[in-house]
Amino acid sequence: MTELGALRHLAAEIATLEQAGLLRKPSAPPPSGCLVLCSNDYLGYGTDPWPAPAEAPSGAGASRLVSGHHAEHALAEQTIATWLGFESALLFSSGYAANVGTISALARPGDVIVSDALNHASIIDGCRLSGAKVVVVPHRDAAAAEAALERAQGAPRRWLVTESYFSMDGDSPDLVRLRAACDRWDAALVVDEAHAVGTLGPEGRGLAARAGVRPDVLVGALGKALGLQGAFVVGPMVLRTWLWNRARSFVFSTGISPALAAAIRHRVLRVAADDEARARLDHIIDRLRAGLASIIGDALLPSHGPILPCFVGPPEEAVRISLRLRERGVLVQAIRPPTVPPGTSRLRVTAHARLTDADLTRIVTAFAEGWKP
C-alpha cells in the first residue's frame, strides 16, 4: 500500500477540481498597502485592539455545562440580549456552530422546515442534522414559503428559516410577509442576521429590527461588523435553556474565552452607539456602487448594503479577474461553486467604513484596468 493508502483517490479528485477552476488553495497574505475588499469587517473594527480587561481569563477551561461558565459570559450575553431587545442570549464559538446547533436542536423528525434556496451552508447542515423534512423554496419567494407552510399543517411543528441579508447576493427577503405567514400557519421564524447586525438597522440591530419584525429565533455573528469572533442566538429564556441542554455544538464545545466574552460586551456597547460609522459606511457604499456600475454595468448585480456582487459566470474567469485586481493592489476573492450555484461565479466586493475617498478612486481605477470578463 502506498503512503496515501485508502486516500489515494483524492489526488485524482483534486485534479478534477483544479481542471474545473474550483480548487481552493491557501492564498498569500495581501501585499503591504493592498486594499482588502473581501472581508466582512464592515465597520473596520477588526483592526482595533480587543477591549478586554487584563484580569479576564484567557481560556474557559471546559464546556460551560461543566466548569467553563464565567461571569464574563453572562455579562456579554445580557448585553447582547438588551441591545437586540430580547429576553436572553447564548454565545457560540462560531456562526456555523450557532446555526447547526440551534436548528438541529429545535427541529425534529416529522417537523417541516421551509428554507430559502440560498441559505448559508450552516443552515443547510443544521436542517439536515435535525431529521426534519426540509422544503427548499426559491430565493426570496415569499409566496412559495407561504404555500409550503400551508401544506405542512399536518406536521407537529413548522419552521421557516431565512437570512435577513444574504452574504453572496446582498439582498433580503420580505421579513414582514414571512412573519405574517408564520403567524398564520403557526410556524416559528428563524432569522440569521449574521451580515446585518452591527451594520444595518437602528443602532445596528439588524434588518428584522428595521422592519419591525420579531423573529422567534435570531442568530447573529460577532466576527463580522463587530470585528471579533464567535456568534450568538437570542430569543426567550425557554429557547436559551433548551439550547444550553440540547445544542450539541454548544454542549460539547469548550466555552469561548472569557477574555473574548469581555471584549464582546464592550464591542456591543460601542457598535450600538456608532451611528457615525454606519453613516460613513452608507456614503462609501453609494460611492463604490456608482463607481463599479460605471465600469462593469449590469454585471454589478442588484443589491443593498455593503455587499456588492459582481457577476462573472465561469469560475476560472472569476479567478483571473481576481488575480488582475490583486496585481493592482485590490484584493477581491473569486466566489465559486459550491458557495454559489454553478454558472454564477462572481467577485464579492464588500465595502467597509474606513475606506477613504482616495481608496475609492484607486478601487475604481483597478476595476477599469482589470475587469475583462
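A: A salt bridge is a side-chain nitrogen of Lys or Arg within 4 Å of a carboxyl oxygen of Asp or Glu. The model is predicted: local features need pLDDT of at least 70, side-chain atom pairs count only at pLDDT 80 or more, and totals for chains, interfaces and linings use all residues. Residues are numbered from 1 along each chain as its sequence is written, and side-chain values use heavy atoms, with hydrogens and water left out.

Q: What makes Arg 280 and Asp 357 a salt bridge?
A: The closest N and O atoms of Arg 280 and Asp 357 are 3.9 Å apart, and the limit is 4 Å, so the pair counts as a salt bridge. The structure holds 20 salt bridges.

Q: Which parts of the chain does the pair of Arg 280 and Asp 357 link?
A: Arg 280 is in helix 11 (residues 275-296) and Asp 357 in helix 13 (residues 357-370), 77 residues apart. Helices (H or I, at least four residues) and strands (E, at least two) are DSSP runs, numbered from the N terminus. The protein chain has 13 helices and 12 strands.

Q: Why do Arg 324 and Glu 317 count as buried?
A: Arg 324 has 17% relative accessibility and Glu 317 has 12%. Buried means under 20%, so both are buried. Their side chains meet in a salt bridge (3.3 Å, N to O).

Q: What does the salt bridge between Arg 64 and Glu 77 tie together?
A: The side chains of Arg 64 and Glu 77 meet at 2.6 Å, N to O. Arg 64 lies in the loop between strand 1 (35-36) and helix 2 (71-84) and Glu 77 in helix 2, so the pair ties together parts that are 13 residues apart in sequence. Both Arg 64 and Glu 77 are buried.

Q: What makes a set of residues a nonpolar core?
A: A nonpolar core is a set of buried Ala, Val, Leu, Ile, Met, Phe, Trp, Tyr and Cys residues joined through side-chain atoms within 4.5 Å. The largest has 83 residues, and those with the most contacts inside it are Ile 264, Leu 347 and Phe 367. A second, separate core of 26 residues includes Ala 98, Val 161, Val 217 and Leu 239.

Q: Which residues does Phe 367 contact, leaving aside its neighbours within four places in sequence?
A: Contact means heavy atoms within 4.5 Å. The partners of Phe 367 include Leu 292, Ile 295, Cys 310, Leu 325 and Val 349.

Q: How do you know that the radius of gyration of the protein chain agrees with a compact globule?
A: The radius of gyration is taken over C-alpha atoms, and the globule rule is 2.2 Å times the number of residues to the power 0.38. With 373 residues, the rule gives a value near 21 Å; the protein chain has 21 Å, so the two agree. Along the principal axes, the C-alpha atoms fill a box of roughly 55 × 55 × 50 Å. Buried residues make up 54% of the 373 residues.

Conventions
Buried means under 20% relative accessible area, exposed over 50%, partly exposed in between (1.4 Å probe, protein chains only).
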